[in-house]
Amino acid sequence: MSKSKRGKALWALPSRGRGTCPVCGSTRIKLLYTKTIGSGQALKVCKRCFNAPQEKIDAAGMLGVK
Ligand SMILES: [Zn+2]
């Protein structure tokens, strides 16, 4: 298996896998981790927020849905 979160694989992604993390608000960070929020929606988060408590993920998800 090739690394999906490093190198050339990123260039095929929209914005090359980067964006603003909805949880911590970091800009131009790699959003390579998918978390599922309360409503069953998928939310892309950064490496740091992948291990964040579910409440933080849900809170960010609510804001995004609005
Ligand atoms: Zn984050």
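The structure is a predicted model, in which local features need pLDDT of at least 70, side-chain atom pairs count only at pLDDT 80 or more, and totals for chains, interfaces and linings use all residues. Residues are numbered from 1 along each chain as its sequence is written, and side-chain values use heavy atoms, with hydrogens and water left out.

The zinc ion is a handy place to start. Its ligands are the SG atoms of Cys-21, Cys-24, Cys-46 and Cys-49, sitting at 2.2 to 2.3 Å. Donors here are N, O and S atoms within 2.8 Å of the metal (3.2 Å for Na, K and Ca), and sites may look incomplete because water is not among the atoms. The angles subtended by the four donor atoms run from 105 to 114°, which makes the arrangement tetrahedral; for four donors, that label requires all angles to lie between 85 and 135 degrees. For comparison, the ideal angle for four tetrahedral donors is 109.5 degrees. Along the chain, the donor residues follow the spacing C-x2-C-x21-C-x2-C. Cys-21 belongs to the loop between β1 (18-19) and β2 (29-30), and Cys-46 to the loop between β4 (42-45) and α1 (47-50), so this pair ties together parts that are 25 residues apart in sequence. Helices (H or I, at least four residues) and strands (E, at least two) are DSSP runs, numbered from the N terminus.

Both cysteines of that pair are hidden away. Cys-21 counts as buried at 1% relative accessibility, and Cys-46 is buried too, at 0%. The cut-offs are under 20% relative accessible area for buried and over 50% for exposed, with partly exposed in between (1.4 Å probe, protein chains only). Leaving out residues up to four places away in sequence, Cys-21 touches Ser-26, Ile-29, Leu-31, Val-45, Cys-46 and Cys-49, where contact means heavy atoms within 4.5 Å. Ser-39, by contrast, is 18 residues from Cys-21 in sequence and 19 Å from it in space, C-alpha to C-alpha.

Beyond its neighbours within four places in sequence, Ile-57 contacts Val-23, Lys-35, Ile-37, Leu-43, Val-45, Cys-49 and Ala-52.

Next comes the largest pocket, which holds about 180 Å³ of space. Its lining is made up of Lys-5, Arg-6, Ile-29, Lys-30, Leu-32, Tyr-33, Cys-46, Lys-47 and Arg-48, with β2 and α1 as the elements that give two or more residues. A pocket is an open set of points on a 1 Å grid over the protein atoms alone, where a 1.4 Å probe fits, with protein on both sides within 12 Å along at least five of seven lines; lining residues have an atom within 4 Å of a point. Among the lining residues, Lys-47 lies in helix α1 and is exposed at 62% relative accessible area. Neighbours within four places in sequence aside, Lys-47 is in contact with Lys-30 and Tyr-33. The C-alpha atoms of Lys-47 and Lys-30 are 7.5 Å apart, although 17 residues separate the two along the chain.

Most residues other than glycine have a negative phi. Arg-16, in the segment before β1, instead has a positive phi of about 55° and counts as partly exposed at 46% relative accessibility. Arg-28, in the loop between β1 and β2, also has a positive phi, near 55°, and is exposed at 58%.

Note on methods:
Tetrahedral: all angles 85-135°; square planar, octahedral: opposite > 155°, others 65-115°. Points joined across faces, edges and corners; volume = space filled by probe spheres on them.
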